[in-house]
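The points are grouped by topic.

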Amino acid sequence: MRVQGINNYYLNNNNNKIKSDSANTNPTPEYSPSFRGEGGWSEKLSDFISKMYAKYYAKPMYNQQWLYKASKKMTRVPGKMTAHMATLGSFITSGVYIDRTLKNKDLDNEKKKTLAINQGLCFLVPTACAYTVDHLLKDKIKEKEYRYAGRQLAKISKKMSKMSDAQIKDFNKLMGDRLKGFSTLATLITFTLIYRYVTPVLMTPIANWCGEYLNNRNAKKKALAEKIKLDTQNQKVDESKISTSKVA
Amino acid sequence: MKIHSTQNLNSIRDNITTNKSSFGEVRQDVTDTRYLVRTGMSDVYLHGGSSFKGKSNPKKLIKVLMNDYLKAADKEKWYDKILDHGFFNDCLDFMKHEVFVQSAISCLVCMAMRPATIMALPSKKDKQDNMYASAHSVSSGLVGLISSILIAIPFSKGVKYAQKNMMHHLDTEILKKIKPNLEIESIWKDKAKTIRKPMEEWLDKYGNPFSDDMKNVMKIARPKHISEVSEETFKILGVDVDLAAMRGKPVSEWVDRSGKKIHFNLKDMFIAVQDEGMASSVKGYDNTNFFSLQHIDKDFLKEVMPELDIKSIEKDGKRLHTDFWKDVHGNDFKINLDDIHLSSYNETSNAVPLYTGAKRGNKYISRQTNNGSLDTTKVPDKLGSPIIQDYLDNDAEMDIATKALTWLPDIATRVIVASATIKMIPIILKNIFHLEKKKKSEDVKQAEIKPISTDDKIKSKVASSKEVA
């Protein structure tokens, strides 16, 4: 892959590569081609897949007016689209789990409810946390994005004079693409860490503790009710015994 | 703290410091401060700004922008190694496949972080429980990754391919709508035959090469005060000066090695301006940003320098060097070099956006990198197209459309994938990890042997609820 090659060639702190660059009077790019070589079977397959999905999915969709109308409406929704999509995915997955729990025949109704509430909480609380953390990190991430861009540009600035126009164009394109994904990557890391790590490791024990507490309370209430019932029955039996003995 | 004593006023290299070496110096500062506050000059000198307060002008020229924070910001940070690492670059390259990246992060968490944490946790029952939970986590991560490779990647590849190769074939009506900065007439090679030019030859409404990239804005190395810049940077900027010989002199009196007064290209001369209500590109300096004298907006400059005759800065539509600028009385307008900051990646790895002072709402307008110049590491001679609100709104719409197309297949198949995951995990656990969950009937049988008290009943209920969760 051409663009990947320029990344490896110019941006890595590999001294040998830099030396070979300065020693080379005609800086023919040492692009690292694809794993199987340019035009290899993996690249052909990749190209085929790209073209097929572009032709039958992406292009027809891009030609639809409704897509732009819907997008325009979505711009009014605050927050990042990536965050909303990650949340939607998690919502669906949690929904499936809740549905499975409620349809589980091996569990009694009370337990089903507790578990479903547990699973629902394990979606709601982390979602709120993820949006909050993502919002709090926004400025920090922007700062890091500029730092990243600055470091890449500082690295390349001394080599710029030795690069051909095509290589500089490739570098600029690569930088543009990478910067576009910077904040999205941060959002994905935040959401995924919270959903897949913080939730099972921290939230589940808390939710379990809540479930345990509720179960305990209900069981105690039941036990108490049974005890009272038993006592009243015993009392009644005792009273009847006394009355029969009195009669006798 | 910004500027700390009147000794800094002339930007004498050796005297610019935030550290007080002796009690005497501190006392001197206090005296200076009292004097300046009394005479009403504190705003100018202590904060390094030319105050226009009282003239209902919120913009202030910051004379010397330098403090401990800026010095610290230029030092290596712990996260720099991450930012420079090839793996981080690879992750950014993969961001066109957002769904896959999410699954990959998820897989990493489920296969490494979570099992490590679970195994490290003390288990109340036995180690088998922890092993089962870890294996469960690994399996779910694996299933998620495989499903995203099979479902999400082909679709996102298709979307990317369409964006790259098919966009220029879209209907002109749609093009007009989704690319509002495109000069639609520039796309035709032969309009009658509806033959289009290649996309690289299209122009935008400002006559610059068409670009739909609104996120990678024009940037510069964060400027440093002239007194802080190294000799090497001066050379890069075309000024050969012996800094050791200039020690102790104000910058306005510095000369180069041939004895001439130092002289910079207009584009390389930056002023720092504090503009109320604007976000700062320099942490520690509220609402402060840098503006190149070549590119600064005329109205903005007039507000910063009210004494300047704004008509004198241009001739035949071209900006003149400050040497030719006049004040409102017709005299030469001398720019004080002590107010100047210089931008070079030789000095810092921190980048800041290049602003002109023109605004959209309450934010400065950034510029696209489509000025035709390839070298993005220097201060540009020419500006790229302005990124106005309409373009940003449209970019947001397009971004949402693209993300929707990329995520849609993943969302649409989530129910199937989740159901399949639930069914597949026990199979994976049994066949790969040789782990099987204990059947509840076994527990029940054991429980039936002994009569249970009410407390035991509660305990068993809690335990079973834990297992299910």
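Chain B has a mean pLDDT of 79, with 78% of its residues at 70 or more. The model is a predicted one, and the predictor assigns the complex an ipTM of 0.74 and a pTM of 0.74. Chain A averages a pLDDT of 79, and 83% of its residues score at least 70.

**Confidence along the chains**

- In chain B, pLDDT stays under 50 over residues 1-56, a stretch for which the model has 72 contacts beyond four places in sequence.
- A further stretch of chain B, residues 443-469, also stays under 50 in pLDDT, and here the model has 25 contacts beyond four places in sequence.
- In chain A, residues 1-37 remain under 50, and the model has 49 contacts beyond four places in sequence for them.
- Among the elements of chain A, confidence is lowest in helix H2 (residues 15-23), with a mean of 35, and highest in H5(A), at 92.
- Where pLDDT is low, predicted coordinates should not be read in detail.

**Architecture of the two chains**

- Chain A comprises 7 helices and 0 strands, and its pattern along the sequence reads α-α-α-α-α-α-α.
- Of the 248 residues in chain A, 27% are buried.
- Among the contacts in chain A with a separation of 6 or more, 75% are accounted for by residues 24 or more positions apart.
- Chain B contains 15 helices and 14 strands.
- Of the 469 residues in chain B, 34% are buried.
- For contacts in chain B between residues at least 6 apart in sequence, 63% join residues at least 24 apart.

**Contact between chains A and B**

- The contact between the chains involves 79 residues of chain A and 76 residues of chain B.
- On the side of chain A that touches chain B, the elements giving two or more residues are helix H1 (2-11), helix H3 (41-62), helix H4 (65-74), helix H5 (81-103), helix H6 (109-157) and helix H7 (165-247) of chain A.
- H7(A) gives the most to this side of chain A, with 29 residues.
- By residue class, the side of chain A that touches chain B divides into 39 nonpolar, 25 polar and 15 charged residues.

**The largest nonpolar core**

- The largest nonpolar core has 85 residues, and those with the most contacts inside it are Ala58(A), Phe270(B), Ile271(B), Phe291(B) and Ile340(B).
- H7(A) gives the most to this core, contributing 13 residues.
- Leaving aside residues up to four places away in sequence, Ile340(B) touches Ile226(B), Met269(B), Phe270(B) and Ile271(B).
- In soluble globular proteins, nonpolar side chains tend to be buried together.

- Strand E8 (residues 288-292) of chain B is mostly covered, with 5 of its 5 residues buried.
- Both faces of E8(B) are covered: Thr288(B), Phe290(B) and Ser292(B) are buried on one side, and Asn289(B) and Phe291(B) on the other.
- Strand E7 (residues 270-275) of chain B pairs with E8(B) in the antiparallel sense over 5 bridges.
- Within E8(B), Ser292(B) is the bridge partner of Phe270(B).

**Surroundings of Asn208(B)**

- Asn208(B) is located in the loop between strand E4 (195-196) and strand E5 (219-221) of chain B.
- Asn208(B) counts as buried because it has 20 C-beta neighbours inside 10 Å, and the cut-off for a buried residue is 20 or more.
- Apart from residues up to four places away in sequence, Asn208(B) touches Leu203(B), Asn370(B), Asn371(B), Gly372(B), Gly384(B) and Ser385(B).
- Asn208(B) and Thr369(B) are 161 residues apart along the chain, and their C-alpha atoms are separated by 9.7 Å.

**Surroundings of Leu121(A)**

- Leu121(A) belongs to helix H6 of chain A.
- Leu121(A) counts as partly exposed because it has 18 C-beta neighbours inside 10 Å.

Methods
Residues are numbered from 1 along each chain as its sequence is written. Chains are lettered from A and ligands numbered from 1 in the order in which they are written. This is a predicted model: local features need pLDDT of at least 70, side-chain atom pairs count only at pLDDT 80 or more; totals for chains, interfaces and linings use all residues. Two residues are in contact if their C-beta atoms, placed from the backbone, lie within 7 Å. Helices (H or I, at least four residues) and strands (E, at least two) are DSSP runs, numbered from the N terminus. Ala, Val, Leu, Ile, Met, Phe, Trp, Tyr, Cys and Pro count as nonpolar, Asp, Glu, Lys and Arg as charged, and the others, Gly among them, as polar. A residue is buried if 20 or more other C-beta atoms lie within 10 Å of its own, exposed if 12 or fewer, and partly exposed in between; C-beta atoms are placed from the backbone. A nonpolar core is a set of buried Ala, Val, Leu, Ile, Met, Phe, Trp, Tyr and Cys residues joined through C-beta atoms within 7 Å. pLDDT is the predictor's confidence in each residue, from 0 to 100. Two strands pair if DSSP finds at least two bridges between them.
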